[in-house]
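Subject: Structure for your review

Dear colleague,

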Amino acid sequence: MDRAKIMRWHVGEGDRIEMTQLLAELEVEGLLADPEERGRKVSMELESHEEGYMARVLLQEGEIAVPGVPIALMCEKEEDLNHFAAVDIPKDVSDSMFVWQAYVAEEKDSQEHGRIPEHNR
């Protein structure tokens with residue numbers, strides 16, 4: 001992935017988040033390493049792999065993220081939400097252990113790039 005544009009947040013700061021809940025819709029460029037695919041944009045859905053609360057949204061709708069740039073913070077407990085308001089966020093977290101998963105949002109693209117889980121259709 002070369003970069004992703006935040007198209008729409010489905011959760012806001014302070015919201016409770018469940019496992020596999022849809023967090024955001026992204027428009028991704030450079031998904032594949034194939035030079036012929038350069039510039040191709042694919043709609044994807046970002047889902048949570050943890051339960052907790054959306055502590056901070058770092059990038060707003062319409063803003064672009066490149067790999068290694070954090071887009072949001074989650075916390076486990078609701079009572080910890082206020083602690084994240086003043087936390088300094090590193091500009092690059094590419095050397096951190098972090099896993100995210102997104103699914104291609106359009107059925108026509110899913111045959112080429114992966115699958116769409118039933119709960120996201």
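In what order do the three strands of the open sheet stand, and is their pairing parallel or antiparallel? The order is 2-5-7, and the strands pair in the antiparallel sense. Strand 2 (16-17) and strand 7 (72-75) are the edges of this sheet; each has a single partner strand, so one side of each has no neighbour in the sheet. Please keep in mind throughout that this is a predicted model.

The chain as a whole

The protein chain contains one helix and eight strands. Along the sequence they follow the pattern β-β-β-β-β-β-β-β-α. Of the 121 residues in the protein chain, 34% are buried. The accessible surface amounts to about 7800 Å², and carbon and sulfur atoms account for 47% of that surface.

The open sheet

Strand 5 (residues 52-57) is joined to strand 7 by four bridges, and the two run antiparallel. Two bridges connect strand 2 with strand 5, again in the antiparallel sense. Several facing residues can be located in the structure. Ile17 is opposite Gly52 of strand 5. On the side of strand 7, Tyr53 faces Cys75, and Met54 faces Met74. Strand 5 is mostly covered, with six of its six residues buried. As a general rule, side chains in a regular strand alternate between the two faces of the sheet.

The nonpolar cores

Which residues touch the most other members of the largest nonpolar core? They are Ile6, Trp9, Val11, Leu26, Met54 and Ile71, in a core of 17 residues. Strand 1 (3-9), strand 3 (22-29), strand 4 (41-47) and strand 5 each give two or more residues to this core. Strand 3 supplies the largest share, namely four residues. A second, separate core has five residues, among them Tyr53, Leu73, Cys75 and Leu81.

Ile71 deserves a look of its own. Residues up to four places away in sequence aside, Ile71 touches Ile6, Trp9, Leu46, Val57, Leu58, Leu59 and Ala65.

Ala4 belongs to strand 1. Is Ala4 buried or exposed? Its relative accessible area is 6%, and Ala4 is therefore buried, the cut-off being under 20%. Beyond four places in sequence, Ala4 touches Leu26, Glu27, Val28, Glu63, Ile64 and Ala65. Ala4 and Lys41 are 37 residues apart in sequence, while their C-alpha atoms are 9.0 Å apart in space.

Ser48 is situated in the loop between strand 4 and strand 5. With a relative accessible area of 2%, Ser48 is likewise buried. The side chain of Ser48 reaches the backbone oxygen of Glu50 at 2.4 Å. Apart from neighbours within four places in sequence, Ser48 is in contact with Ile17, Glu18, Met19, Thr20, Gln21, Leu23 and Met74.

Thr20, one of those contacts of Ser48, is placed in the loop between strand 2 and strand 3. The phi angle of Thr20 is near 65 degrees, which is a positive value in a residue other than glycine. The relative accessibility of Thr20 is 35%, so this residue counts as partly exposed, between the cut-offs of 20% and 50%.

Confidence in the model

The mean pLDDT of the protein chain is 77, and 73% of the residues reach 70 or more. Where is confidence highest, and where is it lowest? Strand 2 has the highest value, at 96, and helix 1 (residues 107-113) the lowest, at a mean of 43. Over residues 99-104 the pLDDT stays under 50, and the model gives this stretch 24 contacts beyond four places in sequence. Residues 107-121 also have a pLDDT below 50, and that stretch has 24 contacts in the model beyond near neighbours in sequence.

With kind regards

Key
Residues are numbered from 1 along each chain as its sequence is written. This is a predicted model: local features need pLDDT of at least 70, side-chain atom pairs count only at pLDDT 80 or more; totals for chains, interfaces and linings use all residues. Side-chain values use heavy atoms; hydrogens and water are left out. Two strands pair if DSSP finds at least two bridges between them. A nonpolar core is a set of buried Ala, Val, Leu, Ile, Met, Phe, Trp, Tyr and Cys residues joined through side-chain atoms within 4.5 Å. Buried means under 20% relative accessible area, exposed over 50%, partly exposed in between (1.4 Å probe, protein chains only). Contact means heavy atoms within 4.5 Å. Accessible areas come from the Shrake-Rupley method with a 1.4 Å probe; for residues, only the protein chains shown count as cover. A polar contact is a pair of N or O atoms within 3.5 Å; within protein, one must be able to donate a hydrogen and the other to accept it, and residues adjacent in sequence count only if both atoms are side-chain atoms. pLDDT is the predictor's confidence in each residue, from 0 to 100.
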